[in-house]
Every structure is written in C-alpha cells, then in structure tokens.
Amino acid sequence: MSTYNHWFIRARLKTRQLLLLVALAEEGNIHRAAQVLSMTQPAASKLLKDLEDVLEVSLFERLPRGMRPTWYGETMIRHARMALANLNQAHDEIHALKTGHYGQVGIGAITSPGVNLLPAAVALVKQEHPSLRISLDIETSPVLLERLEQGRLDIVVGRLFAEHDKSQLRYEPLTEEPVCAITRPGHPLSSLSGLSLRDVLAAGWIVPPAGSVLRHRFDLMFRQDGLAPPVDTVETSSLLFMTRMLQQSDMVAVVGADVAHYYAAHGMVAVLPLPMPCHMDAFGLITRTDRLLSPAAKVMLKALKQISFVQYGIRLETD
C-alpha cells in the first residue's frame, strides 16, 4: 500500500488527538485531560468522538467518575505514545543539527554491561563525536524494554525472557553473566580456600529482591545442594547501599562477576573463592525492528559492537 493511502491520512488524524489519548490515559478524566492540553471539554470530547468514529470502536469506557481505556483504547494509547516520542525525537534531532550538534541517543543497560561495556563504548563515541548527546539508563531488563517500546530508548543492552513479546525486537546475543559472592576486604571468609555453600549458610546475605531471576536462582542453588536458602538476608538492588553495607558489616552479597571484579579492582570488596553456579542468562543488544535508528543511534550501536568484540570476543555485524 502506498504511504499516501494510509488510513490516518485519509482520516486526517490530528496530533492533538494523540495528545488527548495520552492525557486521558494519565488523567482518567476528560475534564482534567482538556485542562492539561489547554482546550475546552467540549473540544476534547469532539476530538475523541471523531477518532472513535473513524476507527469504528469505543476507545474509552465512560464511568461515573472518569474514563477507562478499552482494549482498543490501550492499543491506540500505546501507539500514540510511540508516535509522539518519535515526533519529539525528530524535533530534537533537527534542533541539534541546526545548532551544530550531531544528534542524541538514549541507551539503557542492565548493571553488568553498564559497568563493563557502556563506559568504553561511550568514550569511543565521544572521541569521534563530542557533540553527540547521550542519555543512559541503568535498570532491569523489563523496565528498559518498556522504555524501548515507548520510544524513550533507542538501544537496550539486556535480557529477553519468555514473557517478552519479541515480534518487533532485534536481539543480538553477547555473553552470559557469571555470578560472584563478595564481602568487605579482610572478611574472615575471604582468606579461606575450598569454600562451599554450607560454609556460608549462616552468613548474613545481601540478595536481589524476591521475584527477580537472580534471587530465584540463588535460592535454588542452595536447595539443589540439599540446603535451605539463607534466612538472614537484606533485599536490595542498590549497588551503592550494598557496597556501603558490606564495608560496615560481615555480610556477603551476590552480584554479577563484572560488577564484583570492578569493585574489587578498586579495593572496595573482596571476591570470595566460592563456586556460584547460579549464573544469569545471556544478555545482548536489543533494538526495535519497526523503527529506523537515528544517525546518532547508529553511531552508538556501532561503538557497542566494536567494544563487545574487545570485551567479550563477540563479533557482530556492523552496517
């Protein structure tokens, strides 16, 4: 089908209709949504009705105290957010080019590549393109993938799990993530050899939050060895808290090997000589197949692939 025959052109879809969908989703009330967009409530109601008439579906349920998206509405809201994000990105890129800058790119990563891969890749990009604006998010894979879907990120270095919709994602695997146990330097356990899980069972542990993949595999590791998981635990995903807590106690923490060796190299922790078979699944580079990467994002992706070869020995195709 020709681009000029798309339904949204024939229907004269308005940007304000997209803005209204998002505002309604966030406010749950057409009066407040109209106020946010500086329009009257009748004008907002007409914009919504015109869109529903074009689509021939109801996008919102009218409730006594507000509005709730239908399944059709949820679909349109999701795509409205992506469309508006793309328009904002286009404006930002044009403005950057007008002012002599190269553009901008948003990249998200889980902690391990955030420590090991991203700094070198960003440094490489900045050497060649000092004016390129880079924004970084360090988060869990589900959070990063949601931001990628919303158009808030261009590239994610993370994991895909069975529950993720992969139909519009491109995934290029990099490496698996071994796991280590760490303590403060000088911890009594750090000088012992031949440590086993039984030796650390009574220790206080700093562990990932319940429900996370690593926490599940950590608990399972003990059970597979015929032991109950540790009960003296503190749950957190904050590395800042974890390292500070280790310095002030005899607790043991479980983290990815790249993170462990990074902090150990700076003298902040000691890596215990303890086999930890609860390794994490492979992570990789994730981009959207339904969107074109900006020139800035292409530069960042190329740098990530170059550094991936240096760090992990993985050679990925570059454009």
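Pro-275 is exposed, because its relative accessible area of 55% is over the 50% cut-off. The residue sits in the loop that joins strand 11 (270-271) to strand 12. The model described here is a predicted one. Its secondary structure consists of 13 helices and 12 strands.

**Surroundings of Pro-275**

- Not counting residues up to four places away in sequence, Pro-275 touches Leu-195 and Leu-197.
- Between the C-alpha atoms of Pro-275 and Val-310 the distance is 26 Å, and 35 residues separate the two in sequence.

**The protein as a whole**

- The protein has 319 residues, of which 44% count as buried.
- Its C-alpha trace spans about 75 × 50 × 35 Å along the principal axes.
- Among contacts in the protein with a separation of 6 or more, 73% are between residues 24 or more positions apart.

**Nonpolar cores**

- The largest nonpolar core contains 32 residues, and Val-157, Leu-174, Met-300 and Leu-304 have the most contacts inside it.
- Two or more residues of this core come from each of these strands: strand 3 (104-109), strand 5 (155-158), strand 6 (169-177) and strand 12 (280-288). Helix 7 (118-128), helix 8 (141-149) and helix 13 (295-312) also give two or more each.
- Helix 13 gives the most to this core, with nine residues.
- Apart from this core lies another one of 22 residues, which includes Leu-20, Ala-33, Ala-34 and Leu-48.
- Leaving aside neighbours within four places in sequence, Met-300 is in contact with Val-105, Ile-107, Ala-121, Val-122, Val-125, Ile-134 and Ile-155.

**Packing of helix 7 and helix 13**

- Two packed helices are described by the angle and the distance between their axes.
- For helix 7 and helix 13 the angle is about 130 degrees, and the axes are 9 Å apart.
- The crossing of helix 7 and helix 13 is right-handed.
- On the side of helix 7, the residues that meet helix 13 are Leu-118, Ala-120, Ala-121, Val-122, Leu-124 and Val-125. Their partners in helix 13 are Val-299, Met-300, Ala-303, Leu-304, Gln-306, Ile-307 and Gln-311.
- Of the residues in this contact, 11 are nonpolar, two are polar and none is charged.

Note on methods:
Residues numbered from 1 in each chain as written. Predicted model: local features only at pLDDT ≥ 70, side-chain atom pairs only at ≥ 80, totals over all residues. Heavy atoms only, no water. Core = buried A, V, L, I, M, F, W, Y, C linked by side-chain atoms within 4.5 Å. Buried < 20%, exposed > 50% of the residue type's maximum accessible area, 1.4 Å probe, protein only. Helix = DSSP H or I, 4+ residues; strand = E, 2+ residues; numbered from the N terminus. Contact = heavy atoms within 4.5 Å. Axes fitted to C-alpha atoms, helices over the stretch in contact; angles between N-to-C directions. Left-handed = near helix turned anticlockwise from the far one by under 90°. Nonpolar A, V, L, I, M, F, W, Y, C, P; charged D, E, K, R; others polar.
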